[in-house]
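Subject: Handover of a structure and its salt bridges

Dear colleague,

Please find the structure below, followed by an account of what was found in it.

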Amino acid sequence: MTTMLEPLRRIAAYAVCTDSVGRVLLVRASERSGTPGTWSLPGGAVDHGEDPHHTVVRETAAETGLSVSVAGLKDVLADMRALPERGITIHTDRLLYHVSVRGGTLTDRVDRPTDLARWFTLDEARELPLRSFTARALGLPASSADVVPDEPPEFPSFYAVPGPDGLHRAQRFAAYAVVTDPDGRVLLTRVSDGYPGAGCWHLPGGGTDYGEQPGAALIRELVEETGQTGRLVELLGVASHRDAASLGPEGYPIDWHGVRAFYRVVVDQPAPPTVADVGGSTCEARWFAREELGALPTDRLTEVTAEAVQAAHLT
């Protein structure tokens with residue numbers, strides 16, 4: 001029964017790398033991995049405080065011997081995988097980047113979680129046992145290599161663990177929206193007292209639940225925080241921010257690392273904003289005209305809001 005397995009979460013970044021003749025770079029999982037013999041995109045877990053942009057470069061070099069440069073973000077997705085032989089179920093939030101090779105030599109590895117790195121045409125890759133997220137990224141039929149849990153296990157939305165320095169650490173993946181209406185107004189929420197960034201204007205959205213896709217989480221959070229129904233238009237980017245001693249309602253400092261995907265969302269039939277989750281991290285929601293948004297001081301916006309608004313070319 002996969003429902004009896006211990007649930008874990010992680011954030012990971014991967015490289016979608018093609019060569020001059022259209023072949024894609026893949027790596028094979030070794031006997032040391034949870035799915036030996038399967039092939040996937042190069043990449044791996046994002047370290048605490050690490051920008052995923054750096055993760056994908058570091059992990060690709062380690063697994064393939066190639067140095068790559070990041071060209072842009074391709075997609076963000078999530079999946080669950082059961083590993084009964086290890087007694088765990090893993091939810092992974094995966095950031096997929098387009099990359100290009102700068103140099104290096106393709107290298108095999110010994111006694112590591114991946115052991116081979118090879119170039120394949122898409123027709124060749126179609127015949128391989130691919131990890132599900134890799135098949136999706138390449139536009140190939142879904143693979144059955146992963147064992148999917150019977151149902152999402154219970155897992156706290158906030159999870160902090162003691163770090164090596166004695167300070168609690170928390171790494172959290174979240175999805176946020178740059179929301180506009182037909183008149184070009186922008187929807188923002190205000191952070192409640194007692195939470196990091198209290199009083200600042202923030203993007204609608206928040207942490208994703210275990211087993212939840214970021215897009216679905218975002219539309220859910222939009223309703224809960226503002227009372228609006230929206231539709232996803234495009235993925236704008238990913239922000240990575242670390243606060244080495246964040247202080248929130250827990251009452252003790254936390255070394256906090258947030259990785260946040262932000263999307264463009266349109267509300268076709270806007271309504272007066274209402275906050276359903278009373279007593280939570282959002283105390284107010286409001287529509288801003290473009291000129292009002294542009295007039296807000298930078299210190300009145302959270303980091304991810306300032307970054308996302310700039311990426312959406314709203315100011």
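D79 and R94 form a salt bridge, with their closest N and O atoms 2.5 Å apart; the term denotes a side-chain nitrogen of Lys or Arg within 4 Å of a carboxyl oxygen of Asp or Glu. D79 belongs to strand β5 (residues 66–83) and R94 to strand β6, so the pair ties together parts that are 15 residues apart in sequence. Helices (H or I, at least four residues) and strands (E, at least two) are DSSP runs, numbered from the N terminus. D79 is buried at a relative accessible area of 16%, and R94 is buried at 0%. Here buried means under 20% relative accessible area, exposed over 50%, and partly exposed in between (1.4 Å probe, protein chains only).

The model is predicted: local features need pLDDT of at least 70, side-chain atom pairs count only at pLDDT 80 or more, and totals for chains, interfaces and linings use all residues. Residues are numbered from 1 along each chain as its sequence is written, and side-chain values use heavy atoms, leaving out hydrogens and water.

The structure contains 20 salt bridges. One of them joins the side chains of R9 and D93 at 2.7 Å, N to O. This pair links distant parts of the chain, 84 residues apart, with R9 in strand β1 (residues 6–17) and D93 in strand β6 (residues 88–104). R9 is partly exposed at 27%, whereas D93 is buried at 1%.

A further salt bridge pairs E292 with R286, at 3.2 Å between the closest N and O atoms. E292 is partly exposed at 34%, and R286 is partly exposed at 32%.

With kind regards
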